[in-house]
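Please walk through this protein model with me, from the whole chain down to single residues. Keep the sequence and the 3D view side by side as you read.

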Amino acid sequence: MRRDPDSFGRALLDWSRGGTDPEYIQRADGLMVPGAGHEFYLAPFRNWPSSERASLRYARGRVVDIGSGAGRVSLHLQESGRDIVALDASPRAVRSARLRGVKNAWHMSARQISGEIGAFDTIILFGNNFGMFGTPERVSKVLTSWARRTHAGARILAESTTPYCGGAPSIDRRY
């Protein structure tokens, strides 16, 4: 069986078209656990985690939703009248977001945000997306790059999971 490098994007696109098949995450060591599924990635605002709902009150000005997936956050902010740009490294996630109604969705890695999409006042990294940078050195490099594309006083709204305090079932301190 051929591995799909964008299987998560495939799931998002399927869910955006009405599918409900579950998502499974398989680690390199073979452990397989169920993912959050369409109930989370396509959830209406009232069903989001309270931390995400509460943090949006700190969003200001032009917003970029990095790792936007199917556009859950972007769509909510767009419907609230915000100037929002959805950004995802998965081409299928971007198609899914557009299919769901996100008007300004870009297929682009967070590390290669280009000047053509403009500057921002708020950067959103929900769903453990802050963890995508890996090392402290890479975080520093990316944040320095982003600083050139944000206005003075820009805000980052982020969440992450730590293997030291529980978190997602596929995250294990020993792993």
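Of the 175 residues in the protein chain, 38% are buried. Buried means under 20% relative accessible area, exposed means over 50%, and partly exposed lies in between, with a 1.4 Å probe and protein chains only. The model is predicted: local features need pLDDT of at least 70, side-chain atom pairs count only at pLDDT 80 or more, and totals for chains, interfaces and linings use all residues. Residues are numbered from 1 along each chain as its sequence is written, and side-chain values use heavy atoms, with hydrogens and water left out.

The protein chain exposes about 10,200 Å². Carbon and sulfur atoms supply 51% of that area. Accessible areas come from the Shrake-Rupley method with a 1.4 Å probe, and for residues only the protein chains shown count as cover.

Now the elements. The protein chain has six helices and seven strands. Both are DSSP runs numbered from the N terminus: helices are H or I with at least four residues, strands are E with at least two. From the N terminus on, the order is α-β-β-α-α-β-α-β-α-β-β-α-β.

Five strands form an open sheet in the order 5-4-3-6-7, with parallel pairing. Strand 5 (105–107) and strand 7 are the edge strands, and each pairs on one side only. From one strand to the next, the twist averages 20°. Two strands pair if DSSP finds at least two bridges between them. Strands of a sheet pair through backbone hydrogen bonds, either parallel or antiparallel.

Start with strand 3 (residues 63–66), which pairs with strand 6 in the parallel sense over three bridges. Here V64 stands opposite I123 of strand 6. Strand 3 also pairs with strand 4 (residues 84–88), again in the parallel sense, over four bridges. D65 stands opposite A86 in strand 4.

Move on to strand 6 (residues 120–125). Five of its six residues are buried. Five bridges join strand 6 to strand 7 (residues 150–158), and the two run parallel. I124 stands opposite L157 in strand 7.

Helix 4 (residues 72–79) lies across strand 3, strand 4 and strand 6, running at about 170° to strand 4. Helix 5 (residues 91–99) touches strand 4 and strand 5, and its direction makes about 165° with that of strand 5. These angles run from 0 to 180 degrees between N-to-C directions, with axes fitted to C-alpha atoms, for helices over the stretch in contact.

Look inside. The largest nonpolar core has 15 residues, and V64, I66, L87 and W146 have the most contacts within it. Strand 3, strand 4, strand 6 and helix 6 each give two or more residues to this core. A nonpolar core is a set of buried Ala, Val, Leu, Ile, Met, Phe, Trp, Tyr and Cys residues joined through side-chain atoms within 4.5 Å. Which residues does V64 touch, not counting those up to four places away in sequence? They are I84, V85, L87, F120, T122, I123 and I124. Another core, of 11 residues, lies apart from the largest one; A43, V73, L77 and I124 are among its members.

Return to helix 5. Its buried residues are R92, A93, V94, S96 and A97. They pack against helix 1 (7–16), strand 4 and strand 5. Just after helix 5, G101 takes a positive phi of about 115°. Helix 1 buries G9, A11, L12, L13, W15 and S16. Their cover includes helix 2 (38–41) and helix 5.

Finish at R138, in helix 6. Why does R138 count as partly exposed? Because its relative accessibility is 34%. Leaving aside neighbours within four places in sequence, R138 is in contact with R111, M132 and F133. R111 is 27 residues from R138 along the chain, and their C-alpha atoms are separated by 9.4 Å.

Terms used
Contact means heavy atoms within 4.5 Å.
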